[in-house]
Amino acid sequence: MPSKRILLIVGGGIAAYKACELIRLMARSGHEVTCVLTAGGAQFVTAMTLAALSGNRVHTSLWDAGEEAEIGHIQLSRAADLVVVCPASADLLAKMAAGICDDLATTLLLATDKRVLAVPAMNVRMWQHAATRRNVARLDGDGVIVMPPDEGPMACGEFGPGRLPEPAQILARIEELWASDHDAAREDRPLAGRHLLVTAGPTYERIDPVRYLANRSSGKQGFAIAAAAAAAGARVTLVAGPVGLTTPPGIERIDVESADEMARAVDGALPADCAVMVAAVADWRLAETSGRKLKKDDGPPPTLDLAENPDILADLAGRADRPRLVIGFAAETHDVLDHAIAKRARKNADWIVANDVSGDVMGGEVNAVHLVRAKGVESWPPMPKSEVARRLVDAIARELADG
Ligand code: C5P
């Protein structure tokens, strides 16, 4: 468990002495503890004890001029990962439920944007009182986590629920909270730990120093896929042809011009878990380029002799160290599905995302695609390119998780 910063509010009650043991356990687990001691808490333990155990200064007053210069009560809760109220007296629970803030503890409880765990300890009748029941229910509704007290003999001589749970149990509950956060975060980031390689945009094939052959690819779909993959937690390398797009956050972008440069950049970006080749790579380049601008008065119009470009997708899919999942795109103006199915086999790609570019897909915001896989074809309705990207990234995450 990575170490966390805990703001511990020690309320009034005999159970405050157990907070001392809790601080010791927290510190021993590597957590950084800062204590706030209420006036009631100070009747049972001293600020000196808490400072010695936590190794940090103890805060007691809302009216500390030095701290209020930095709006101390807000600062204190901001600097924490979790606020723990232990023991939470009936009075503290009531104030928290009502939103009363008349001292440092209650003020920062109202000001915090962090999760709050309250660990009540009180006399059994106070715990069972309708007012406390109401307050606990309200706190629960407000998102405060209230740890149920233990049952047993109490300091006041009575027996029943109201005892503070053992400090080890409280720490276990805290670590359980963080473990569930961690799982939730992993669910949001299904590509965490994966490397995705995405190509996007057109390539420019040089004719002479001022002219080139190109196509109408805008790069938008590829950039959207790179952005969605990064948002899903992947490390993303985006090899981009010449496009006028800004780099989505958290992405390593390599700018290239020609298919040859793109092929080299792809090679240099390996290994990857998945490659999504969205770039509209020019099929041909000039067999010979001119070092000087071709001039009209050099004679009759020049003949452009073309040579085939490397097929980056097919080459990548054929390598022994290929990414586990190689995805190609197929932009077609007719017989979209037939071509895509044939292309998947010919290029040895795992999936082909096929789109009909007979309309205004190129440069537009909307795309309608078919996902062609060994197990069959899924046709998606028209949707924004960002949504196509999200769905494709979800499918990639599922595939990588399964394999
Ligand atoms: O053969 P075609 O250009 O229709 O195939 C499109 C798919 O192949 C796209 O994924 C594109 O990025 C890739 N491709 C490539 N290298 C080429 C041509 C296309 O990687 N020279």
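Pro271 sits in the loop between α11 (259–269) and β13 (274–277), where helices (H or I, at least four residues) and strands (E, at least two) are DSSP runs numbered from the N terminus. The peptide bond that joins Leu270 to Pro271 is cis, with omega at about 5°. The model is a predicted one, in which local features need pLDDT of at least 70 and side-chain atom pairs count only at pLDDT 80 or more, while totals for chains, interfaces and linings use all residues. Residues are numbered from 1 along each chain as its sequence is written.

**Backbone geometry**

- Most residues other than glycine have a negative phi, and most peptide bonds are trans.
- A further cis peptide bond links Cys86 and Pro87, with omega at about -5°, and Pro87 belongs to strand β3 (residues 82–88).
- Asp335, a residue other than glycine, has a positive phi near 45°, and it lies in the loop between β16 and α13 (336–347).
- Asp335 counts as exposed because it has 11 C-beta neighbours inside 10 Å; a residue is exposed if 12 or fewer other C-beta atoms lie within 10 Å of its own, buried if 20 or more do, and partly exposed in between, with C-beta atoms placed from the backbone.
- Asn348, which is not a glycine either, has a positive phi of about 65° and is located in the loop between α13 and β17 (351–356); with 16 C-beta neighbours inside 10 Å, Asn348 counts as partly exposed.

**Ligand surroundings**

- The ligand has 14 residues around it, of which Met277, Val281, Ile312, Leu313 and Gly328 come nearest; a residue is near a molecule if its C-beta atom, placed from the backbone, lies within 6 Å of it.
- At least two residues of this shell are supplied by each of α12 (312–318) and β16 (325–332), and β16 gives the most, with 3 residues.
- By class, the shell comprises 8 nonpolar, 3 polar and 3 charged residues, where Ala, Val, Leu, Ile, Met, Phe, Trp, Tyr, Cys and Pro count as nonpolar, Asp, Glu, Lys and Arg as charged, and the others, Gly among them, as polar.

**Helix α14**

- Helix α14 (residues 385–402) has 18 residues and reaches 26 Å from its first C-alpha to its last, close to the expected 26 Å, the expected span being 1.5 Å times one less than the number of residues.
- The buried residues of α14 are Lys385, Val388, Ala389, Leu392, Val393, Ile396 and Ala397.
- An α-helix has 3.6 residues a turn, so residues three or four places apart point the same way.

**Domains**

- The chain is divided into domain 1 (5–178) and domain 2 (189–402), with bounds that come from an automatic or database domain assignment.
- The centres of domain 1 and domain 2, taken over C-alpha atoms, are separated by 56 Å.
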